[in-house]
Amino acid sequence: MGKGTIALDIDGTLTVHHEILETPVKNYLESLVKEGWQLLFVTGRTFSFAQPILKEVQEPYWIAVQNGAALFEMPHERLKAKHYL
């Protein structure tokens, strides 16, 4: 069993520039997963706009896009839930 879940936004929380996840941030996030934390990124972005920023993260994580309308298990890009009107 893991330590818990850390939920983060992308823009302005993880990124300084909207297209780049800095290497030290990526490395720290991966170290958290290795310590037993589960990562969940929640963003207003679409999947196609959010995924390129996180593509360098090699450890498993979850991403909820369009403010939670769709949830993906990463890095396998498996759609786990969707709630579109």
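Select helix H1 together with strand S1 (4–8) and strand S2 (37–42): the buried residues of H1 pack against both strands. Contact here means heavy atoms within 4.5 Å. Helices (H or I, at least four residues) and strands (E, at least two) are DSSP runs, numbered from the N terminus. The model is predicted, so local features need pLDDT of at least 70 and side-chain atom pairs pLDDT 80 or more, while totals for chains, interfaces and linings use all residues. Residues are numbered from 1 along each chain as its sequence is written, and side-chain values use heavy atoms, without hydrogens and water.

Stay on H1 and colour Lys26, Leu29, Glu30, Leu32 and Val33, which are buried (under 20% relative accessible area; exposed is over 50%, partly exposed in between; 1.4 Å probe, protein chains only). They lie on the same side of H1, because they cover an arc of only 155° around the axis (taken from the directions from the helix axis to the C-beta atoms). Turn to the face away from that buried side to find the exposed Pro24, Tyr28 and Lys34. Just after H1, select glycine 36, with a positive phi of about 110°.

Next, go to arginine 45, in the loop between S2 and helix H2 (47–54). Arginine 45 counts as buried because its relative accessibility is 5%. Show its side chain: there is a polar contact with the side chain of aspartate 11 at 2.4 Å. A polar contact is a pair of N or O atoms within 3.5 Å; within protein, one must be able to donate a hydrogen and the other to accept it, and residues adjacent in sequence count only if both atoms are side-chain atoms. A polar atom of the arginine 45 side chain also lies 3.0 Å from the backbone oxygen of phenylalanine 49.
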